[in-house]
Protein chains: 2
Amino acid sequence: MTATTSIRPSTKPLLRALRSPGVMPPPIWLMRQAGRYLPEYRALRDKAADFLDLCYRPDYAAEATLQPLRRFPLDAAILFADLPLLADGLGQKLDYREGEGPVLEPIRNGADLKRLRLENVHRRLAPVYETVARVKAALPAEVALIGFSGAPWTLAAYMVQGRSGAEFAAAKRWAFSGDPGFDALIALLVEATVEYLDGQVKAGAEAVQLFDSWAGLLPAPAFARWCVRPVAEIVTKLRARHPDLPIIAFPRNAGFMIETYAEQTGVDCVGLDYTVPLVQAAALQAKSAVQGNLDPQYLVLGGAAMECAAVDILERLAKGRFIFNLGHGVVPETPVENVARLVEIVRGWRR
Amino acid sequence: MTATTSIRPSTKPLLRALRSPGVMPPPIWLMRQAGRYLPEYRALRDKAADFLDLCYRPDYAAEATLQPLRRFPLDAAILFADLPLLADGLGQKLDYREGEGPVLEPIRNGADLKRLRLENVHRRLAPVYETVARVKAALPAEVALIGFSGAPWTLAAYMVQGRSGAEFAAAKRWAFSGDPGFDALIALLVEATVEYLDGQVKAGAEAVQLFDSWAGLLPAPAFARWCVRPVAEIVTKLRARHPDLPIIAFPRNAGFMIETYAEQTGVDCVGLDYTVPLVQAAALQAKSAVQGNLDPQYLVLGGAAMECAAVDILERLAKGRFIFNLGHGVVPETPVENVARLVEIVRGWRR
C-alpha cells in the first residue's frame, strides 16, 4: 500500500486538490487536529514525562498524530511535533514549562549563533523522522501525511525572544537593526528547515507545511525580507531534492502581503488565516491552491452559526484549488461533536 | 485664543492635514505619547492612588496629557484616558490590577445588559470632560486636541471577556452566535460613544479618534457587521451634532478590510497599523486621510534604522492627506531621545 501511494500520490484527495480545482468533496484537515480537545490526547499527555517526551517518543507522537483520524474521516494526518523542536535540533536549550509553553535560552547576537550546529539536526531529530515512518505505515490509503516545520521568521522569533509574548519585540528589533547576524540566523534556519523537511519526506511525508505564525508582526518591507524571501529559498532547495513535493505555507495575519507571498514564494498552497476575506481568497486561487479559513471559535460554537460560516467558505472556494481547514488551530475547549459535524458538512458538500 | 481656533480650526496643521493633501511639514503625534516611557509620567503615576485615580482626576489626567507636549513639538495632544472608562461610565464594575490591566465584571448575555445605563454616562464621565477643558485652556495655539473613545467592537470585547488576552474568545463567540443580545450591546455602545465624544467635543476636543484595537480578531463578515457598521452610525450621529468635526478611526490589523472601512465608515482619516504596506496606504489616500504607521519597535531602536523607516513613510505618504504617527502605541522601553529625534525628522521634512 505504501509503495502504491508514493508512486501515485494523486489518488489521495488532499494531494489532488493542491494541483486540481474543484476536487469534490473538498479535502479537509484541521490545524491542531491532534490536541487537548481530545480526551484520548489528554490521557496520552498525562502518560508522557513532559511535552518534549511526548514529541520525541515516536510511539507517543505517532499515537497523537493518529488519534483524530480514528474519530473523523479527515484527508490528512499532520505530524505531531512543535515548532521549537528545530531550535532544539540545532542545539539551543529548550524547555517546556507548565502554563508557559516553550522556553529557549535566547540567541541575541551573531556570537550566540556559534551555539547552533546545523550538522546536529538529523541526529537530534531522528525520533521525529521515526514518528513520520510509523504514522505512514499505519495510515489509511486515502489519507495524506503532512510533515511540517516553523518558517524561518517564526522560528527566529522564538529563538531570539526565548518565549512567546511581548510581541517578540527583541526579535523584531534585531531584525530591524540591519545587523548581519540576523541575516546569518535566517540563512541558517533556511538550511536547517530544508534538512528537517527533507528528513521528514524521506521518512514518508507526502506534503509539507511551513507555519509562519508570527508573520503578522512585521511591516511590509520586513515581511518581504524575512517571510517571503527565506520561504522562496526553502521552496527552491526542497524542489531541487523533491521536484514533486507539494509545499503549503501559512503566513498568519499577512494581510495585504498574502498576494505577494503567493506570487513570490512559489509554494503550491497558501494557508489563509480567518481574517482573509473570501473574495481575496478566491482571487488567490489563480496563483496557488488555498487552505482555510474557518475561525476556530465557530468550531467551539457549533450549530447553525458554524454551518453557515463553513458553507460560505465552501461556496466561495470549493470550485478552485482548495483544502478546507481552520484559520488558526483547534482550541482546547472545542466540543468533539462539533468537529465531527464540521467534517460531515464538508464531506457532504456537492456543488 | 480658544475662540479664534474654534472659528478657524484650519490654522492648526493637524486639522488642515485631515482635509488638505501635502501639508508641510506633515503633522505628527504618537499613540501613547503620554505614558510610561516618560520619567515624569512614572512620577505622576506614583502620586495617583491607582490608575483609575490617574484617569479620573482632571488635574492628574490633564498633566499626563500635556507632559509630552512640553518635551516635543507635537501637533496634537490626545486626551489621557483609557478605553474601558466608558464601560465604567455605563455602570460596569471596572478595576485595574497590577500587571494585569483592566478587569471588568463580564457581560455575557442580554440579561446582563440591564446592568448598563446610558443615562449615567455624562455624570460618571464628567471628570473626563473637565480634563479636556483644562488641557484645551493650557494648549499652545498650533496644537490640536484629540478626544477619543474605544470603538464599539473593541469596547464590547473587553466588556464581554472581562479582561485582555485569550483572543477575546467569549466575545467572539457571542458575536458569532447570532444572539440579538450582542446586537443590543453594540447598539448601546454606539449611543454611549456618541454621547461620550459629544461631551468631549463640547468640552473642547477639536477632533476625535476611535480606537478599534481588536478589529483584527474578526473574519471579514463579522468585521463588516461589528467594526464597519457601528462606526458608520457613530459618524452619522456625531456629524448631525457637529458637522465639521474631524473623525479619525484606527481599525488595528484590519488587513484587506481597511479599504472597505475607509469607504463605508465615512471617517475623515484612517489610522494604519504598521502592517499596512505603503502602496496600499497611498491608495487609501484617495478615499480618506491616513495616519501612521511606523512600527514602535523602530522608535525603541532609533538610529539609522528608525530614520530610514520614517523617511520611507514620508516619501510615500506626505504628498497626500497625511498625519505621521506610529502603527501602534509607544512602548515603555522607548528611549526619550529617540522620540525627540523622530519628531525632528518629521518636522524637518520637505519634499
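In the predicted model, strand E5 (residues 207–212) of chain B pairs with strand E6 (residues 247–251) of chain B. The two strands run in the parallel sense, and five bridges join them. Within this pairing, B:Gln209 stands opposite B:Ile248 of E6(B). Strand E6(B) is mostly covered, with five of its five residues buried. Both of its faces are covered. On one side lie B:Ile247, B:Ala249 and B:Pro251, all buried.

In chain A, two helices pack together. Helix H9 (residues 152–161) and helix H11 (residues 180–203) meet at an angle of about 120°, and their axes are 9 Å apart. The two helices are therefore oblique to each other. H9(A) passes H11(A) in a right-handed crossing. From H9(A), the contact involves A:Pro152, A:Leu155 and A:Ala156. These meet A:Leu185, A:Ile186, A:Leu189, A:Val190 and A:Thr193 of H11(A). Seven of the contact residues are nonpolar and one is polar, while none is charged.

The two chains also touch each other. Chain B gives 25 residues to the contact, and chain A gives 25 residues. On the side of chain B that touches chain A, helix H10 (169–176), helix H14 (278–284) and helix H15 (296–301) of chain B each supply at least two residues. That side of chain B has 14 nonpolar residues, eight polar residues and three charged residues.

How values were computed: Residues numbered from 1 in each chain as written. Chains lettered and ligands numbered in written order. Predicted model: local features only at pLDDT ≥ 70, side-chain atom pairs only at ≥ 80, totals over all residues. Axes fitted to C-alpha atoms, helices over the stretch in contact; angles between N-to-C directions. Helix = DSSP H or I, 4+ residues; strand = E, 2+ residues; numbered from the N terminus. Parallel < 35°, antiparallel > 145°, perpendicular 65-115°, else oblique. Left-handed = near helix turned anticlockwise from the far one by under 90°. Contact = placed C-beta atoms within 7 Å. Nonpolar A, V, L, I, M, F, W, Y, C, P; charged D, E, K, R; others polar. Buried ≥ 20, exposed ≤ 12 C-beta atoms within 10 Å, placed from the backbone. Pairing = 2+ DSSP bridges.
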